[in-house]
Every structure is written in C-alpha cells, then in structure tokens.
Amino acid sequence: MSANWSNRTIWTGDNLPIMRGMNSASVDLIYLDPPFNSKANYAAPIGSEAAGAEFKDTWTLQDVDIAWLDLIEAKHTRLNKVIHAAMSKSDKSYLIYMAVRLLEMHRILKSTGSIYLHCDPTMSHYLKLLMDAIFGRKNFRNEVVWHYFKPHSSKRTWPRNYDQVLYYTIADDWTFNHHATLFEYDEKSKRRYDKTDSEGRRFKVYTDTTGTVRKAYMKAGRADNVLKIPFVQGTSKERVGYPTQKPIALLERIIKASSNEEDVVFDPFCGCATTLVAADRHSRNWVGIDISNVAVRLVEDRIKADQGLFQDIQSRTDVPQRTDVGTLLMYNAPSNKKALYGEQGGHCNGCAQHFQIQNLEVDHIIARAQGGTDHLENLQLLCGHCNRVKGDRGQEYLIAKLAA
Ligand SMILES: C[S@@+](CC[C@H](N)C(=O)[O-])C[C@H]1O[C@@H](n2cnc3c(N)ncnc32)[C@H](O)[C@@H]1O
C-alpha cells in the first residue's frame with residue numbers, strides 16, 4: 001500500500017491519532033525508543049541545541065484513556081492478559097499506553113517489515129510479552145544489546161551498562177542484509193588493505209620473500225548481537241543536548257541491516273531525530289513523529305549539518321486521512337455484523353454464550369460520545385442482555401458487572 005504522506009515528513013503531536021491516520025502496510029522498518037517508565041522527568045539543558053525539549057516518564061491511570069483498555073479487553077484477549085499481569089497501576093498504565101500504539105505499528109508495517117523496540121530492563125520483560133501478543137512469538141527474531149560504558153558508584157549491585165532492542169518481524173519473509181552486521185573496518189586497516197574484490201572483500205597485494213606477488217585478504221569481521229557503542233557523551237561531536245539521545249552508529253547498524261535504499265523508515269518517538277538523520281544518510285525514505293516541538297527544528301538542523309545541504313522537509317501537525325479505506329459503512333451494516341460474527345465465532349463478547357446472528361447486536365466499544373468511530377476495530381457483537389447492561393459505559397463496566 002502506498003503512503004499517504006510525503007517522504008521526509010515530521011509530525012509534531014501525539015503519535016496515536018497520527019498513526020491511526022497512516023495507511024496500512026506503508027512502512028518497511030520501525031525503530032521506536034519510547035519513554036521507558038523510568039519514573040524520571042527529562043529536560044534538555046538551557047543553552048543546548050535541544051533546549052525546550054522535555055518529557056515526563058511517570059505513569060498513572062490518569063495518563064491513559066481508559067477507553068483504550070475497553071478496546072483491548074473486547075478485541076485482544078492475549079494482550080489483555082499481559083496488561084493484567086502488570087504488578088502495579090503505574091506499570092499497567094504504561095502497558096496500556098504502549099499496547100494501543102504497538103497495535104497501530106503492526107498495522108502500518110509491510111508484510112516484509114521489521115520493528116526494533118528500544119527499552120531497558122525496567123520494562124523489557126513486560127514489553128516482550130506485549131510484542132509476543134501483537135507480533136506473534138514466532139516472529140521474535142532477536143534482541144540487539146547496546147553495550148556502553150557509564151561510570152557507576154553503587155557497591156551494592158552489578159553495574160548496568162546496556163539497553164535492549166527487541167527485534168520482531170511481521171512474518172517469515174523479511175529484509176535482512178547480513179553484510180551490514182559485520183564489523184566496520186577502521187580507517188587504518190582500510191588503508192593497509194586498500195583493494196576490494198568483486199564481492200566487496202578487502203585485500204592487499206604484496207611481494208613475498210621469494211619475489212612472488214601475492215594477495216592477502218583481511219579477516220572477515222564477524223559481529224554478534226552485542227553492539228559496543230559509546231554513550232553520546234557531553235563532549236561528543238554528535239551531541240545536541242537532547243536528554244535521551246541515542247548514538248547514530250546504533251541506528252545506522254539497524255537501518256543498514258533491516259532496510260534497503262528507498263525503503264521507508266519510521267520513528268514514532270523520534271526525539272532529536274537520530275533515526276531520521278541515519279536514514280537520510282543511507283538514502284532511505286523516512287517519516288517521524290514527536291510530541292515535543294523541538295524535534296522538528298532539530299531534524300532540520302541535524303540533516304543540514306550532516307548532508308551539507310538543506311533537504312525538503314515537510315513539517316505537519318494535522319492528523320492524516322487514510323486513503324486506503326473506502327467510505328465507512330454504517331456501524332450496523334449487515335456486512336459488519338457478518339464479519340464480527342466470524343471474528344467472535346458466534347459468541348457474545350460479554351457473556352461469551354453462543355447465539356444465532358439475528359440475536360446479536362452491533363455495539364460501539366468506545367462510545368461515539370467519547371470519540372469512538374464506526375471502524376470495525378471499534379465494533380463488537382453483544383447479546384441483547386449484555387448490550388442493555390453495558391449501555392454507553394465501557395467494556396470494563398460490563399465485565400465487572402458480569403463477574404459480580
Ligand atoms: C527516549 S526519547 C527518544 C530519543 C530518540 N531516540 C533520540 O535519539 O533522540 C522519547 C521521545 O518520545 C517523545 N514522546 C513521548 N510521548 C510521545 C507521544 N505520545 N507521541 C509522540 N512522541 C512522544 C518524547 O518527546 C521524547 O522525545
């Protein structure tokens with residue numbers, strides 16, 4: 001499906017409504033580095049390029065729209081179980097917030113697409129369960145470990161010097177460029193092995209002690225899934241002062257391994273635009289979203305500094321209109337009812353009893369008064385009794401009532 005935005009678009013705003021407006025199967029690679037539920041507030045120092053950027057990483061149920069949970073409870077049973085396994089209200093809120101967004105990312109990716117979810121041990125165990133429920137356990141490919149060095153003062157535990165990047169694909173046929181996982185040779189080695197054969201292997205030509213001209217190949221640099229890349233330090237050239245800036249070398253490795261030139265790379269939490277700059281550097285198309293209005297300025301400044309010329313960047317704040325869906329049917333159209341009957345196996349989504357199709361009614365999961373739409377994703381079938389009990393309230397109310 002083609003994209004309903006132009007290449008090099010950066011949106012300022014909440015990524016949920018914007019992603020809901022993006023066409024399905026329109027992106028090749030997603031890298032996301034969301035808030036980690038670290039219970040911290042981040043702010044860029046005054047005077048840095050990123051000054052003015054800040055975001056909160058503490059979670060309460062007030063931070064999430066409880067209607068999202070209704071949708072998950074009604075439509076995504078496995079996901080619902082993962083959310084209810086959370087140990088605290090804060091973790092539960094964070095997982096609801098992430099689940100609704102990851103569902104959109106799954107829809108937006110092409111069937112050959114890949115997703116890399118950057119997290120750390122604070123929530124990685126829960127996020128992996130969410131990813132298993134949304135992308136499928138069999139589509140978990142690996143975990144990329146970003147290993148860095150940070151001085152530690154605690155004598156009561158092991159120093160923690162890594163982040164995890166969970167890597168999933170949509171299906172069995174995915175883009176992967178093995179050569180991009182090999183070590184990059186340093187400049188000194190490249191000068192010594194200054195020739196390249198037709199397969200891209202580097203070698204040098206020398207004359208041995210008998211006077212015979214010979215070739216010597218450089219050893220293939222094999223890497224594994226632990227990438228040792230320094231933290232973006234205060235003195236680092238690439239540092240823009242963004243509180244959670246990730247190293248561009250990490251993004252370059254991921255982008256080169258899991259996409260090809262002209263593919264679309266998407267970062268829904270793009271911060272100071274590290275992913276977008278790396279994508280641009282390697283001739284990928286890109287699109288990004290960040291809630292902070294500093295991101296758009298940083299992407300323009302960084303790409304200009306990186307490429308030495310001003311690129312044509314689209315800055316948007318509107319919610320896009322999907323062009324891959326026809327006009328919406330009336331919510332209770334017979335074809336909607338039939339599709340839902342198949343999806344639910346003929347069972348009421350409240351009491352779970354089996355009914356003939358004529359005895360089930362189409363219900364909005366998120367009520368229209370609360371912004372719920374007539375999309376199939378927001379519809380379910382309930383028996384007359386459950387529909388009356390629920391009324392205009394959320395699914396949570398119906399489930400609690402039925403359990404009482
Ligand atoms: C961990 S940072 C990303 C840093 C980025 N990888 C980089 O290298 O600069 C998380 C970002 O998510 C953004 N953010 C938080 N909630 C958001 C939302 N609902 N929609 C879009 N962006 C959001 C924050 O403003 C912040 O820039």
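Two residues are in contact if their C-beta atoms, placed from the backbone, lie within 7 Å. The model is predicted: local features need pLDDT of at least 70, side-chain atom pairs count only at pLDDT 80 or more, and totals for chains, interfaces and linings use all residues. Residue numbers start from 1 along each chain, as its sequence is written.

**Exercise 1. Determine which residues of α7 and α8 meet, and describe how the two helices cross.**

Step 1. Helices (H or I, at least four residues) and strands (E, at least two) are DSSP runs, numbered from the N terminus. Helix α7 covers residues 248-258 and helix α8 covers residues 274-281.

Step 2. On the α7 side the contact consists of I248, L251, E252 and I255; on the α8 side, of T274, T275, V277, A278 and A279. By class, this contact of α7 with α8 has 6 nonpolar, 2 polar and 1 charged residues. Here Ala, Val, Leu, Ile, Met, Phe, Trp, Tyr, Cys and Pro count as nonpolar, Asp, Glu, Lys and Arg as charged, and the others, Gly among them, as polar.

Step 3. Axes are lines fitted to C-alpha atoms, for helices over the stretch in contact, and angles run from 0 to 180 degrees between N-to-C directions. The axes of α7 and α8 come within 9 Å and cross at roughly 55 degrees. Therefore α7 is oblique to α8, given that angles under 35 degrees count as roughly parallel, over 145 as roughly antiparallel, 65 to 115 as roughly perpendicular and the rest as oblique.

**Exercise 2. Classify the packing of α3 against α5.**

Step 1. Helix α3 (residues 77-84) and helix α5 (residues 124-135) have axes 9 Å apart and an angle of about 175 degrees. The two helices, α3 and α5, are therefore roughly antiparallel to each other.

Step 2. R78, L79 and V82 of α3 make the contact with L129, L130, A133 and I134 of α5. The residues of this contact between α3 and α5 divide into 6 nonpolar, no polar and 1 charged.

**Exercise 3. State the strand order of the sheet of 9 strands, and locate the helices that pack on it.**

Step 1. Two strands pair if DSSP finds at least two bridges between them. The open sheet of 9 strands has mixed pairing and the order β11-β6-β7-β5-β2-β12-β13-β1-β14. Its edge strands, each pairing on one side only, are β11 (226-228) and β14 (314-316). From one strand to the next, the twist averages 15 degrees.

Step 2. Strand β1 (residues 9-12) pairs with β14 in the parallel sense over 3 bridges, and T9 stands opposite Q314 in β14. Helix α9 (residues 294-307) packs on the sheet, touching β1, β13 (285-290) and β14, and its direction makes about 155 degrees with that of β1.

Step 3. β5 and strand β7 (residues 162-169) pair in the antiparallel sense over 6 bridges; S114 stands opposite T169 in β7. β6 and β7 also run antiparallel, joined by 7 bridges, with Y167 in β7 as the bridge partner of N142.

Step 4. Helix α7 lies across β2 (27-32), β5 (109-119), β6 (140-147), β11 and β12 (264-267), running at about 155 degrees to β2.

**Exercise 4. Characterise the sheet of 3 strands.**

Step 1. This open sheet has the order β8-β9-β10, with antiparallel pairing. The edge strands are β8 (195-196) and β10 (213-217).

Step 2. β8 and strand β9 (residues 202-207) pair over 2 bridges, and K195 stands opposite F203 in β9.
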